[in-house]
Amino acid sequence: MNIAMELQNVHKTIGQKEIIKGLNFSIRSGEVFGFLGPNGAGKTTTIRMMVGLMNITKGDIKINGSSIKDDFKEAIQHVGAIVENPEMYPFMSGWKNLKHYARMIPGITDNRIKEVITLVGLEKAIHEKVGRYSLGMRQRIGIAQALLHSPSILILDEPTNGLDPAGIREIRHYIRNLAKKENVSVIVSSHLLTEIELMCDRIGIIKNGELVTVEDVRDNQENDQHITVKLEVDDKMAAITLLKDQFDIEAKEVQSNVTFKIEKDQIPLIVKQLVQENIAVFEVALERSSLEDKFFELIGENTIA
């Protein structure tokens, strides 16, 4: 699999304080990569180094094989980014805004502008003034602007910030569409963990400037080790005792259910044993560990995110 971006032992020190402490991870071509962490973890600092807005103290970032430190011009031409909010001229139409930005980069044709407009679904509103756009439409015109020069990497810092549920769903659709149809690698920094879980292929979690983990979202969803089972039975204490004595499972009573964690393939055996012991089983409900559960497990429940 091709690597679009690689962080190699990246450090950032400001004054006497080390903000980023040796980040090592890579972004694959055509994937949506979620970059997560609590406030102050170093997400925005890392993104600013990725796009050259902040110098790297130690280490390097390679973009399509080019060093952002040693060959910035070559490396950065592969990157499109929205850091914080997309800024457009509100008194100009979407089309005129894109034309204005297109003049800054040689070789961008009207056909390319039309392509990105179609890609983000703004054909009907493109000749309206941007000042009349909804927040979701402004995010989409910002993505269109970032895509004008056909980058292989798109970096979006909080792309769904302030959007209503319909707007969030729209942006998620366009991001997934970009990765799939344009083979663009999309790096998304967000606080909306459920949205990241729906949007991303992999996630990286950062805490106190250090990388905690990089995981495949699908693996997290399919990992049977994280299944929580909730049983509705007629004798809860008898069920808890049976689970402990015969299966060495620590179960507890939670809101009138017996709850425990187990591998999925053990469930039929457990239910069979409960019935054989004359414990009536009315319902078996399964709950897989969510990304939110995983996040707080890794960074701590009391950390603001």
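Visitor: Which element gives the most residues to the lining of the largest pocket?

Guide: This is a predicted model, in which local features need pLDDT of at least 70 and side-chain atom pairs pLDDT 80 or more, while totals for chains, interfaces and linings use all residues. Residues are numbered from 1 along each chain, and side-chain values use heavy atoms, without hydrogens and water. With three residues, the element that gives the most is β6.

Visitor: Is α5 largely enclosed or open?

Guide: Helices are DSSP runs of H or I with at least four residues. Buried means under 20% relative accessible area, exposed over 50%, and partly exposed in between (1.4 Å probe, protein chains only). Ten of the 13 residues of α5 are buried, so α5 is largely enclosed.

Visitor: How are the ring planes of F25 and F35 arranged: stacked, edge-to-face or tilted?

Guide: Rings pair if their centres lie within 6.5 Å; planes under 30 degrees apart are stacked, over 60 edge-to-face, and the rest tilted. The centres of F25 and F35 are 5.8 Å apart and the planes are at 35 degrees, so the pair is tilted.

Visitor: Is F91 buried or exposed?

Guide: F91 is paired with Y89, with ring centres 5.8 Å apart. Y89 is partly exposed at 34%. The relative accessible area of F91 is 56%, so F91 is exposed.

Methods
Helices (H or I, at least four residues) and strands (E, at least two) are DSSP runs, numbered from the N terminus. Rings of Phe, Tyr and Trp (its six-membered ring) pair if their centres lie within 6.5 Å; planes under 30 degrees apart count as stacked, over 60 as edge-to-face and the rest as tilted.
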